[in-house]
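Good morning, and thank you for coming.

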Amino acid sequence: MPRRSNASLLEIRDVLLETYTVNDKMNQLLLAHLDPQAWRAQPPGAKGGGRTIAAIFAHLHNNRLSWLKNSAPQLQCPAPLDPDRCTMKQAAAAHKKSATQCLRMLADALSTGPKSRVTKFSRGSWAPSWPAGGTMFAYMFSHEAHHRGQILMLARQLGYRLPDQASHGIWQWDKLWKEHGFTSRPR
């Protein structure tokens, strides 16, 4: 496999960081358009057989905190969310804070400089650590995308289908890039 130039590696790094930035915009879009009645509605099936939408958003945020504590302890972690008590407004604010810190962690992990402080990605004591890098980004993004899918499906099952502006909006990457102020489109 041919070796990539430094400019090529920096472009890949920038694209991954832009993508993670837009990742939280997708979560915020769901939070902004979710019917408040869906927030604590019990999932269909056996009582206690699944997470509420509130609990899923808390799980996303609290997992970010675990990644930060274990992989970038030098970065300050925001407060965790209580899945049984947090409001939609608290979840939106917490997600913005944890996304900012995770972006800082990823920027360090994906840097090419010798002073990188993030050298491993630890998901917690239940799993082995990995070297910091592209796989770290892929895991973080896919974890959140998986749960966004759960949130959309659960809201629909509960009778609180999200409007197209949200459910389709998370797929409008060109628009999300532009709304976030990036000068280029996804590349």
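Of the 187 residues in the protein chain, 44% count as buried. Please keep in mind that this is a predicted model.

Let us turn to the fold. The protein chain holds six helices and two strands, and from the N terminus its elements follow the order α-α-α-β-β-α-α-α. The radius of gyration is 17 Å, close to the 16 Å that the globule rule gives for 187 residues, so the chain is as compact as a globular protein of that length. Along the principal axes, the C-alpha atoms fill a box of roughly 50 × 35 × 30 Å. Among contacts with a separation of 6 or more, 69% join residues 24 or more positions apart.

As for the surface, the accessible area is about 10400 Å², and carbon and sulfur atoms make up 54% of it. The chain carries 25 positive and 12 negative side chains, with the centres of the two sets 5 Å apart.

I now come to helix α4, residues 134–157. With 24 residues at 1.5 Å each, α4 should span 34 Å, and the 35 Å between its end C-alpha atoms agrees with this.

Which elements do the buried residues of α4 pack against? They pack against the helices α1, α2, α3, α5 and α6, and also against strand β1. Among the buried residues of α4 are M136, F137, M140, F141, H143, E144, H147 and R148. Further along, I151, L152, L154 and A155 are buried as well. Helix α4 is followed by G159, which has a positive phi near 90°.

Note on methods. Residues numbered from 1 in each chain as written. Predicted model: local features only at pLDDT ≥ 70, side-chain atom pairs only at ≥ 80, totals over all residues. Heavy atoms only, no water. Helix = DSSP H or I, 4+ residues; strand = E, 2+ residues; numbered from the N terminus. Rg over C-alpha atoms; globule rule 2.2 N^0.38 Å. Buried < 20%, exposed > 50% of the residue type's maximum accessible area, 1.4 Å probe, protein only. Contact = heavy atoms within 4.5 Å. Areas by Shrake-Rupley, 256 points an atom, 1.4 Å probe, with all protein chains shown as cover. Lys, Arg positive; Asp, Glu negative; His and termini not counted. Charge placed at Lys NZ, Arg CZ, Asp CG, Glu CD. Expected span 1.5 Å × (residues − 1).
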